[in-house]
Amino acid sequence: MTPDLLLAYVLFCFATAGTPGPNNMLLLASGANFGLRRTAWHILGISTGLGFMVLAMGFGLGGVFRAYPVLHEILRWVGAAYMLWLAWKIGGARSVSDRDLAKPMSFLQAAAFQWVNPKAWAMALGAVTTYAPEGSGWTIVPLLAGTFMLVGAPCSAAWAGFGQGLRPFLDKPAVLRTFNVVMALLLVLSLYPLLVDHKAKPVSLEALADVPPPPTMRSHG
């Protein structure tokens with residue numbers, strides 16, 4: 001991987017990991033309810049889960065989903081159902097003492113959540129199909145996964161930290177409940193491309209597979 005391509009990939013990781021989505025909405029809510037320290041395992045679980053997904057895609061799982069598109073369709077809707085359930089639990093909690101919000105996501109829960117997170121699938125597929133084209137060396141896949149983890153973790157921490165910064169304004173139960181309801185609505189809104197515009201998928205496996213390589217520069221002299 002050339003320095004220019006690596007820089008482009010870092011920007012890709014930053015843009016995808018740092019923009020609003022299911023992971024970041026959950027981190028914002030967790031930071032506000034539990035603080036940054038108690039959300040640390042959640043952050044590490046997201047980073048590790050995404051890195052593992054990139055590895056899996058790069059070492060063949062992406063081909064399985066291209067061969068059997070129905071698997072991708074099933075996972076999209078299972079993920080949507082699970083996130084709607086999470087939104088219901090977050091929005092229905094009156095305070096951090098409620099049983100449903102008694103503790104933040106664990107490392108394993110956050111890592112496993114990536115497999116039902118449509119945006120995580122789009123990120124992993126986009127990373128592999130764009131920056132590890134067929135025929136590239138096998139070492140590029142671990143490099144992509146490691147870079148995603150290194151760039152993604154600070155982005156996740158920033159969202160949780162922003163949530164923690166809101167805690168002084170959420171000390172009243174009514175205000176905290178309103179915040180949780182807003183977070184639940186934003187989590188549902190992050191599924192808009194999946195639930196409302198599902199005919200125009202956010203990331204099409206077939207489209208990603210058919211993206212032509214960038215043109216090469218030729219010298220004239």
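A residue is called buried when its relative accessible area is under 20%. Keep that cut-off in mind as you look around this predicted model.

**The cysteines**

By that cut-off C155 is buried, with a relative accessible area of 8%. C13 is buried too, at 0%. The table puts the two values together.

| Cysteine | Relative accessible area | State |
|---|---|---|
| C13 | 0% | buried |
| C155 | 8% | buried |

How far is the sulfur of C13 from the closest cysteine sulfur? That closest sulfur belongs to C155 and lies 8.8 Å away, which is too far for a bond. A disulfide needs a pair of cysteine sulfur atoms within 2.5 Å.

**The space inside**

Now for the cavities: the structure holds two of 30 Å³ or more. The largest cavity has about 100 Å³ of space. It is lined by 13 residues, and those closest to its centre are A17, N23, N24, L50 and M123.

Which elements give two or more residues to this lining? They are α1 (3-18), α2 (22-34), α3 (40-67), α6 (118-131) and α7 (140-165). Of these, α2 gives the most to the lining of the largest cavity, with three residues.

Note on methods:
Residues are numbered from 1 along each chain as its sequence is written. This is a predicted model: local features need pLDDT of at least 70, side-chain atom pairs count only at pLDDT 80 or more; totals for chains, interfaces and linings use all residues. Side-chain values use heavy atoms; hydrogens and water are left out. Buried means under 20% relative accessible area, exposed over 50%, partly exposed in between (1.4 Å probe, protein chains only). On a 1 Å grid over the protein atoms alone, a cavity is a set of points where a 1.4 Å probe fits but cannot get out, and a pocket is an open set with protein on both sides within 12 Å along at least five of seven lines; lining residues have an atom within 4 Å of a point. Grid points are joined across faces, edges and corners, and a volume is the space filled by probe spheres set on the points. Helices (H or I, at least four residues) and strands (E, at least two) are DSSP runs, numbered from the N terminus.
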